[in-house]
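Here are my notes for your first look at this one. Keep the viewer open and follow along point by point.

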Amino acid sequence: MSELVTLSLKDVRDKLARKEVSAREVVDACMERIEATDTELNALTRPMPEEARARAEALDAGGPDPDKPLWGVPIAVKDLICVAGVPNTCGSRILENFVPFYDAHLVSRLVDAGAIIVGKANLDEFAMGSSTETSCYGVTRNPWDTNRVPGGSSGGSAAAVSACQCYASVGTDTGGSIRLPASLCGCVGVKPTYGRVSRYGLVAYGSSLDQAGPFGRTVEDTAIMLEAMSGHDDKDSTSVDRPVEPYARLLAERGDLKGLTVGLPKEYWDEGLDPEVESVLSRSLDTLKGLGATLKEVSLPLTKYAVPTYYIIAMAEASSNLARFDGVRYGRRAEKPEDLMDLYVRSRTEGFGDEVQRRIMIGTYVLSAGYYDAYYRKAAQVRRRIRDDFLAALDGCDVLAGATSPTVAWQLGALTDDPLKMYLMDIFTLSINLAGLPGLVLPVGLGRESGMPVGLQLIGKSFDESTLFQTGHLLEQALEPIGPPAGLSG
């Protein structure tokens with residue numbers, strides 16, 4: 001493996017700026033790494049060697065641009081985020097031939113910042129899953145152990161960064177789909193405040209929950225990425241018109257964590273947390289304390305209701321959002337239908353996988369006459385109470401800290417026959433999507449028995465990503481790096 005691909009985004013960006021390496025050389029190194037590893041990993045649904053090399057040569061012709069913070073840096077984008085002229089499949093047969101004619105707002109911003117897209121990343125179909133095992137392109141494997149899942153739904157985006165196929169990537173997070181794979185794959189992942197990043201050009205799963213965010217090898221890398229991809233967008237009614245802070249520059253303004261109060265939700269440290277995970281996380285708390293932070297126990301009492309609340313709301317929104325895929329306007333169309341109803345039924349049955357069909361059916365049920373008040377309305381009320389819990393906990397704290405996943409990455413196929421157990425893997429992540437708050441996950445060590453990464457989740461106040469970045473950056477600097485994954489033959 002070339003040492004070039006193991007660099008952080010910041011380091012390779014600096015090399016490019018000093019002309020120590022060309023954009024074409026960096027892209028070639030990443031493409032060689034993809035060719036060597038992706039047959040085994042299946043992190044990308046579509047590598048883009050021709051497009052990436054053409055863009056690299058165009059950038060090299062003009063020379064480094066100091067006003068472009070991602071000039072010449074290869075990244076990957078989750079395959080439900082539109083890139084003009086490139087298939088956007090959502091990991092589903094129903095959209096296998098869909099090619100958008102426009103870029104998502106965040107893609108436009110990243111390209112304007114100089115980034116080079118080297119591939120579309122694999123995902124659970126329509127982002128519905130926690131393991132990246134439901135994609136029509138097959139499962140993605142964890143770079144640390146290819147017999148284990150990478151987490152989901154943005155497992156391909158996390159695996160590509162962890163395996164050094166690219167320097168950063170973009171995923172989406174509806175209930176933990178950035179933070180869970182970041183934890184299981186040993187990289188940094190950020191779910192921004194709802195409204196911080198435009199959703200224009202993202203195929204919707206749960207419109208009130210979805211938010212795009214970056215993966216990187218370091219906290220600083222994700223700060224650079226989020227700054228580049230954030231910003232108000234008139235085409236997205238949920239986009240917040242609020243200035244974007246210079247996240248990367250603000251990292252240097254804090255030298256320790258004195259005066260910072262870290263809340264520890266007791267529900268995130270209670271029964272159900274694997275002892276191997278708890279041991280690693282506890283050591284990271286000692287490090288936070290050593291950096292000057294004050295640790296304080298807090299409570300999020302409605303955590304036990306988060307899973308049913310989330311899945312009622314998410315599945316209801318999925319049922320509504322996916323109704324547009326009917327075999328009429330775009331997407332897969334059944335051949336020789338007998339009538340209109342047969343066209344609808346067969347197109348959707350042939351196009352959607354089992355998990356997507358399950359969620360559409362449950363979502364339709366909870367929205368149906370006679371059940372709306374009993375399920376959806378009640379879930380919406382509990383959602384508000386869950387947000388109030390977070391606001392109360394954060395009233396006396398700067399950030400909250402806890403587990404990301406109850407376990408390290410589990411074996412492929414271990415939970416596919418038990419949807420409820422799979423849903424419970426999101427117990428520590430989905431609450432903040434209900435509350436619309438930002439979260440950051442960074443690797444804090446390896447499990448003693450499994451040798452697999454463990455990620456600590458930091459949760460912040462609305463639009464206070466800067467405090468999350470500063471806290472995560474200082475903790476990262478104080479911890480021993482976990483190193484590159486050892487599970488890849490490439």
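1. Strands here are DSSP runs of E with at least two residues, helices are runs of H or I with at least four, and both are numbered from the N terminus. Two strands pair if DSSP finds at least two bridges between them. Look for glycine 189, whose bridge partner in β10 is valine 441.

2. A word on the source: this is a predicted model, where local features need pLDDT of at least 70, side-chain atom pairs count only at pLDDT 80 or more, and totals for chains, interfaces and linings use all residues. Residues are numbered from 1 along each chain as its sequence is written, and side-chain values use heavy atoms, leaving out hydrogens and water.

3. Now zoom out to the whole sheet. It is open, has 11 strands with mixed pairing, and goes β1-β3-β2-β4-β6-β5-β10-β11-β9-β7-β8.

4. Helix α9 (residues 275-290) lies across β7 (261-265), β8, β9 (399-403), β10 and β11 (453-459), at about 50° to β11. Helix α13 (residues 372-395) packs on the sheet too, touching β8, β9 and β11, and its direction makes about 115° with that of β9. Contact means heavy atoms within 4.5 Å; axes are lines fitted to C-alpha atoms (for helices, over the stretch in contact), with angles from 0 to 180 degrees between N-to-C directions.

5. Back to α9: how does it sit against helix α16 (residues 465-478)? Their axes come within 10 Å and cross at roughly 105°, so the two are roughly perpendicular (that label covers 65 to 115 degrees; under 35 is roughly parallel, over 145 roughly antiparallel, and the rest oblique). Ser284, Thr287 and Leu288 of α9 meet Thr471, Leu475 and Ala478 of α16.

6. Most residues other than glycine have a negative phi, and most peptide bonds are trans. Lysine 19 has a positive phi of about 60° without being a glycine, and you'll find it in the loop between α1 (9-17) and α2 (23-41). The peptide bond from glycine 152 to serine 153 is cis, with omega near 5°; serine 153 is in the loop between β3 (116-121) and α5 (155-162).
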